[in-house]
Amino acid sequence: MTMARAATLRRSFLGYSYSLVGVVAALVILAWTLVAILAPYVLPHSIGDIVDDDYFGPMRQGLWLGSDYLGRDMLSRVLMGARYTVGISLAAVSIACFSGVMLGMIAAVTGGWLDTCLSRFLDAMNSIPSKLFGLVVVAAVGSSIPVLILTLAVIYIPGAYRFARALAVNINTMDFMTVARVRGESTFYLIGSEILPNIIRPVLADFGLRFVFIVLLLSGLSFLGLGLQPPLADWGALVRENIGGLPFAAPAVIVPSLAIASLTISVNLLIDNLPQKIRDRDT
Amino acid sequence: MTSRVLNLVLKRLGIAAVTLLIVLFAVFFATSMLPGDTASILLGQAATPEAVAGLREAMHLNDPAILRFLLWLVGLLHGDLGNSYANEMPVAALIGGRLVNTMKLAGITTLLSVPLALTLGITAAMLRGSVYDRTVTILSIGVISVPEFMVATLAVLLFAVYLKWLPALSSVNEAHSMTDLVRIYAMPVITLTFVISAQMIRMTRAAVIETLSTPYVEMALLKGASRSRMVLRHALPNALGPIVNAVALSLSYLVGGVIIVETIFNYPGIAKLMVDAVATRDLPLIQSCAMIFCFGYLFLITAADIVAIMSNPRLR
């Protein structure tokens, strides 16, 4: 993308050159990951404690991000929210990409009716709008954390499958695949040792993009009140419960929104600024 | 239109029909998986076992799921969407007016965002690499990267809180004059236009840039054609297919966007109806709303594919 050109400062590390934008984006992602892991140990206040006499309090010393609609410390709640948003999304995207990529590679290597059936079925799944799918599942089975993770994963499997299958079909026509087949290698070997190493880099970039989609969808569902249920709160739920502060521009409603934006924009920018060698599809 | 194109289009329509059937099936079964017995939920805690058994019989709940699916499908074909669990009204009556409201919202957004996004996308592609192009690209990536509700919150903060031009909530029932109408639709339409345009700008820009990098455009450049002539006469007619494809695909984002926007602005449309139905677990209503959304979405992505097939000169 053009973003790579916007940052003229480039540095070299491990043989790749990185743009400044990419480095900053990577640092933001790293910071949120650390927060997600360490949150319970660094909270200034317990997330349930009412520490402010006023609701929707402004930013001030001691309550660095103000207070929410019950007078609870917003900084603590945002830090804990990172845990749910990043954790659930990461779990979901891992399941989605692992299953999608495995199925995609198997379909490409095996071909035939398995490929046709799988592709038709997953294409049909792809024709259900993602938010709608989420709404219907939540209506049916409720929204506990495992259900949320699985739902989000199922929604994004077809996309990961399509992407991996398209890449694997290209590799499948290469000479070394014919050689391996003639040698009598098993499907498992073909997938693991011949195809995967050749598509892993674009698949990882796709992993990042899908992570962004999942963060957005999870936040959207939580915002509708159909995602994480109180007393737990991810960033989307934090925006929802504090939406009453919008008319007075309370930090309680702005900060969680900014947290989501900083994470998703960073991942997008990082992928856009990955060294060409990693990002390119045709390796 | 040659028979080859006709064949491809018919095949695509056939796939769409099969997909629609699978999607209906999925929607029906997802909603049928609800734990707990629908009949006893409906009758409440005071119900006698006989009453529950009677209602189960009356609602065909004892029949196998596949039979119920077929009954539901036959009902759909007759235009019978069933009755709402929550207030016993026919679903069709509940949906009717709401659907019109949502279509109005979607229609106005389309009318605004298509010209806006095409202008920005095409000019950005023409001036590729300029400050203007970079600004448009960064802004559209920014809008795509954040959830729809954040665009809505920012719009409320800007137009309703700081500038005080518009009210934060909308309600169609109170429209008495033109200014009322503008004030009601402004916030939802602005939010949706941002979301849809950002997608459309990116796709249009990519489509035009791809056309601009073809050999015949380079040829036009080399023979000394002006920049505007090169784009308008040589590149755009060929980029038209991909652009219309991009427009239809972007409009399919309306389906997701409308769900968030109607909820946040309290707009009495079909998406708000569905979110409320999810909260009350009103299955017939959820099924019908989900079906309408899936149909709209499928219609748009199929249209996008068909335009792509028809505009491919190699198939003529």
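**A tour of chain B**

From the N terminus on, chain B runs α-α-α-α-α-α-α-α-α-α-α-α-α. That is 13 helices and zero strands (DSSP runs numbered from the N terminus: H or I of at least four residues for helices, E of at least two for strands). This is a predicted model: local features need pLDDT of at least 70, side-chain atom pairs count only at pLDDT 80 or more, and totals for chains, interfaces and linings use all residues. Residues are numbered from 1 along each chain as its sequence is written, with chains lettered from A and ligands numbered from 1 in the order in which they are written.

Select α6(B), residues 131–145. Buried here are B:V136, B:T137, B:S140, B:I141, B:V143 and B:S145 (buried: 20 or more other C-beta atoms, placed from the backbone, within 10 Å of the residue's own).

Next, show B:I95, B:I270, B:L273, B:M274 and B:A277. Leaving aside neighbours within four places in sequence, these are in contact with B:C289 (contact: C-beta atoms, placed from the backbone, within 7 Å).

Now select α9(B), residues 215–222, and α10(B), residues 227–251. They pack at about 150 degrees, axes 10 Å apart (axes are lines fitted to C-alpha atoms over the stretch in contact; angles run from 0 to 180 degrees between N-to-C directions). B:Y216, B:V217, B:A220 and B:L221 of α9(B) meet B:M230, B:H234 and B:A235 of α10(B).

How values were computed:
Two residues are in contact if their C-beta atoms, placed from the backbone, lie within 7 Å. A residue is buried if 20 or more other C-beta atoms lie within 10 Å of its own, exposed if 12 or fewer, and partly exposed in between; C-beta atoms are placed from the backbone.
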